[in-house]
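Work through the exercises below with the sequence and the 3D structure at hand. Each task is followed by a stepwise solution.

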Amino acid sequence: MTKQFSKFATRFTSQAGIVQLMEDLGSALSGEQNVYMLGGGNPSHIPQVQQFIHERMQRLLDNPAEFAHVIGDYDSPQGETLFIQALAKLFRTEFGWDITSDNIALTAGSQSGFFLLFNMFGGEFENGKIRKIMLPMTPEYIGYADVGLVDNLFVARRPNIEKLDEHTFKYHINFDELHITEDIGALCVSRPTNPTGNVLTNAEINHLLEIAGDRNVPLIIDNAYGMPFPNIVFTDIKPVWNENTILCMSLSKVGLPGVRTGIIIAPEEVIKTITNMNAVINLALGSFGPSLALDLVTSGEITRLSNTIIKPYYQQKADRAIKLIKQEFSDIDYFIHKAEGAIFVWLWFPGLLISSQELYQRLKQKGVLVISGHHFFPGLNDDWQHMHECIRVTYSMRDDIVEQGIKIIAREVRMAYQRQVK
Ligand SMILES: Cc1ncc(COP(=O)(O)O)c(C=O)c1O
């Protein structure tokens, strides 16, 4: 007999894009199938970073008192105190931001931080009115799409498309279409953007801050790939934080997705509420992430590691992937989003008659996992052909996997175009 689930539970029983993605990722990385996994957001296993963490773990194991504390004691629901103090100091010295420990809370990965924040600023309010989260520009991170505890939590806008050369383009926010109505509770952007590798310019961020300030709603900036760590940013930008900004960071893309540590930097009243939510939902947060990263943050070494190891590593992988795409796709009608950061290339095949979802299926049959572009438009209800003409390809995996994957993608796309011409 099938069980009856609440409305809350049925939100999680639909085949959400993020569920499909994480299942594909899990089975590919567990080695169950022989696949070219270019679909997930898994960071690379960078040897120097792994070595650093390994040494830190060894020191922890060699210190019985510290080890007993890390595995044997609950941390506070705000997160490990010394780690939070070290983070506040890092942001004060790196960027001159006026923040203290009261402006920081940890979450069980930044993904769960978004669940808390979006349902804090969006959803039903005291007066019965529903407020929404505005994504000023899509494509935007797939992981936001299904976190709402009310239907249709997001509203979103199409971008302006600037063609930079024959095969390169860049998205920009279309400010003409950005009207922040009474029912908007917060704005959110990822910078660098997952899936496109776009990095919003300083001017765009300042303009968003102005609009958000005028309306007294926060601007949530998802800094999972940003500065100061992991700093997978290839353009010259200035990170910002003020009392109207909520900055979300993560240890995942530094190379620690397994420890599930997210960081929220926000005004005190927001941090207090997040802390209470953590207590109710989790009691406390995992201690391993803060413990492994504490020395790195206290010494500022995390910034050096990001600038001298992590960023150049991904820059080189991005260059390599783009070079390969240019070679393999030379006879194909394609555009690639300018690679300004993060760990993905975003490919656009204008006029491709099969949908990107069909392309995803065909590639999956050939053993290559990518993500169909249409998942990355949460809150955009337009019928826009462009949403079905793009795919996201991750370049953080081993070079031989990326190379084989790109070759197979080129072959399938070529076949799809040729079939059209017949
Ligand atoms: C833009 C962006 N935000 C947030 C997350 C969530 O990261 P985590 O929950 O591992 O901190 C990801 C993961 O891929 C991401 O790409």
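**Exercise 1. Give the strand order of the open sheet formed by 6 strands, and find its edges.**

Step 1. The open sheet runs in the order β6-β7-β12-β13-β16-β15, with mixed pairing. Strands here are DSSP runs of E with at least two residues, and helices are runs of H or I with at least four residues, numbered from the N terminus. Two strands pair if DSSP finds at least two bridges between them.

Step 2. β6 (159-163) and β15 (371-372) are the edge strands, since each pairs on one side only.

Step 3. Inside the sheet, β13 and β16 (residues 390-394) run antiparallel and are joined by 5 bridges.

The model is a predicted one: local features need pLDDT of at least 70 and side-chain atom pairs count only at pLDDT 80 or more, while totals for chains, interfaces and linings use all residues. Residue numbers start from 1 along each chain as its sequence is written.

**Exercise 2. Locate the two domains and describe the domain 1 side of their contact.**

Step 1. Domain 1 covers 7-49 + 305-421 and domain 2 covers 75-299; these bounds come from an automatic or database domain assignment. Their C-alpha centres lie 23 Å apart.

Step 2. The contact takes 42 residues from domain 1 and 42 residues from domain 2, where two residues are in contact if their C-beta atoms, placed from the backbone, lie within 7 Å.

Step 3. On the domain 1 side, the elements giving two or more residues are α2 (17-29), α10 (301-328), β12 (335-337) and β13 (344-348). α10 gives the most, with 7 residues.

Step 4. Sorted by class, this side has 25 nonpolar, 11 polar and 6 charged residues. Ala, Val, Leu, Ile, Met, Phe, Trp, Tyr, Cys and Pro count as nonpolar, Asp, Glu, Lys and Arg as charged, and the others, Gly among them, as polar.

**Exercise 3. Which residues of helix α11 (residues 356-365) are buried, and why do they line one face?**

Step 1. The buried residues are Ser356, Leu359, Tyr360 and Leu363. Buried means 20 or more other C-beta atoms within 10 Å of the residue's own, exposed means 12 or fewer, and partly exposed lies in between; C-beta atoms are placed from the backbone.

Step 2. Seen down the axis of α11, the buried residues fall within an arc of 105 degrees, so they line one face of the helix. The arc is that of the directions from the helix axis to the C-beta atoms.

Step 3. Gln361 and Gln365 are exposed on the other side of α11.
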